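Here are my notes on the model you sent. Please read them with the structure open.

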Amino acid sequence: MPQQPPIRSTSSPPVRPDASMSLLNNVMDHSLDEGYAEAAARRDAEEGGLPSTLRAKLWLAAGLVLAALVVTVGAAQARISAPVVAKERDELIDRINAETATADELEKSVEKLRDEVGARQRAALRAHGGDTGERIALLAGATAVHGPGVKLVVDDARESGSDGGGPRGGGFSDTGRVRDRDMQRVVNGLWESGAEAIAINGQRLTSLSAIRAAGDAVLVDNRPLVPPYTVLAVGNGKKLSTAFQDSADGRYLRSLQQNFDIRTSISDQEEVRLPAAPSLIVRTAEPGAADAGKGDGQGTADTEKGTS
């Protein structure tokens, strides 16, 4: 009868679920070869510590000494040059202040001379022309005037508009800003509508006045003005206002208001006061002789008489 194998009293240990993946487990547990691990540890130890040889230590000390020397020399030079730079800066500021003061004095002198020339021109007109001279002075802007008229205010839009066409045409990056051409059309429209005297922001206009631009600034006779632009015109207030608003320039202004939000307002005034214009400098034109004028007038009268 065959002998039965002995029965063990203890049970065998349970089998791991990943027993069939022993190679993968070995790769995961030992991802770095032992030789590579030892080399990496040795390299970290050498780099993290101080140089082990005397020569390396001497080179390190020399480098530190050189760096300290460079920093010290730079600080010394900065300390030495600082007073010189500060002195030059103070001298430059003093020169700027002096030149600015000189320019201000010259500007005051020019204004004084301009007022003096204007006063002498007005006096000469009154002395030699009588009532005619006063009328000429008034029309030329050489004397202050007052009377009924209109007040027209033109101001930039609160927010800039987009670039576009409209009455301005293309090419403007900020169509919500009042331009010199806008003020030119406003002034021309007022003259055409019957204005007898015009001033913009207190600047009296004459037959020699020019409205131009310098960047974003509007210049009247080379003097920069800032918005809002207040235009005062002497004339028959109600008639002047109606005629301007019905004119092509009045419609142009309304188009700017509708398309680009430029702010405008016009109102009749019982009385407006305009200052005298600066002195008018005429270099080429000369008055005609009195006799020649009479001759021309007589000839015209004879011609009209003969025609009739």
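1. The chain has seven helices and eight strands. Keep in mind that this is a predicted model.

2. Burial comes next. The chain has 308 residues, and 22% of them count as buried.

3. Now the contacts along the sequence. Take the contacts between residues at least 6 apart in sequence: 72% of these join residues at least 24 apart.

4. Look at I262. This residue sits in the loop between α6 (248–260) and β8 (263–274). Is I262 buried or exposed? I262 has a relative accessible area of 0%. Buried means under 20%, so I262 counts as buried. D155 is 107 residues away from I262 along the chain, yet the C-alpha atoms of the two are separated by 6.1 Å.

5. Helix α6 also packs against α5. Two packed helices are described by the angle between their axes and the distance between the axes. The axes of α5 (residues 237–246) and α6 come within 4 Å and cross at roughly 70°. Angles of 65 to 115 degrees count as roughly perpendicular, so α5 is roughly perpendicular to α6. On the α5 side, F244, Q245 and D246 make the contact. On the α6 side, the contact residues are A248, D249, G250, R251, L253 and R254.

6. Last, the aromatic rings. How many aromatic pairs does a search of the whole structure find? The search finds zero.

How values were computed
Residues numbered from 1 in each chain as written. Predicted model: local features only at pLDDT ≥ 70, side-chain atom pairs only at ≥ 80, totals over all residues. Heavy atoms only, no water. Phe/Tyr/Trp six-rings, centres within 6.5 Å; stacked < 30°, edge-to-face > 60°. Helix = DSSP H or I, 4+ residues; strand = E, 2+ residues; numbered from the N terminus. Buried < 20%, exposed > 50% of the residue type's maximum accessible area, 1.4 Å probe, protein only. Contact = heavy atoms within 4.5 Å. Axes fitted to C-alpha atoms, helices over the stretch in contact; angles between N-to-C directions. Parallel < 35°, antiparallel > 145°, perpendicular 65-115°, else oblique.
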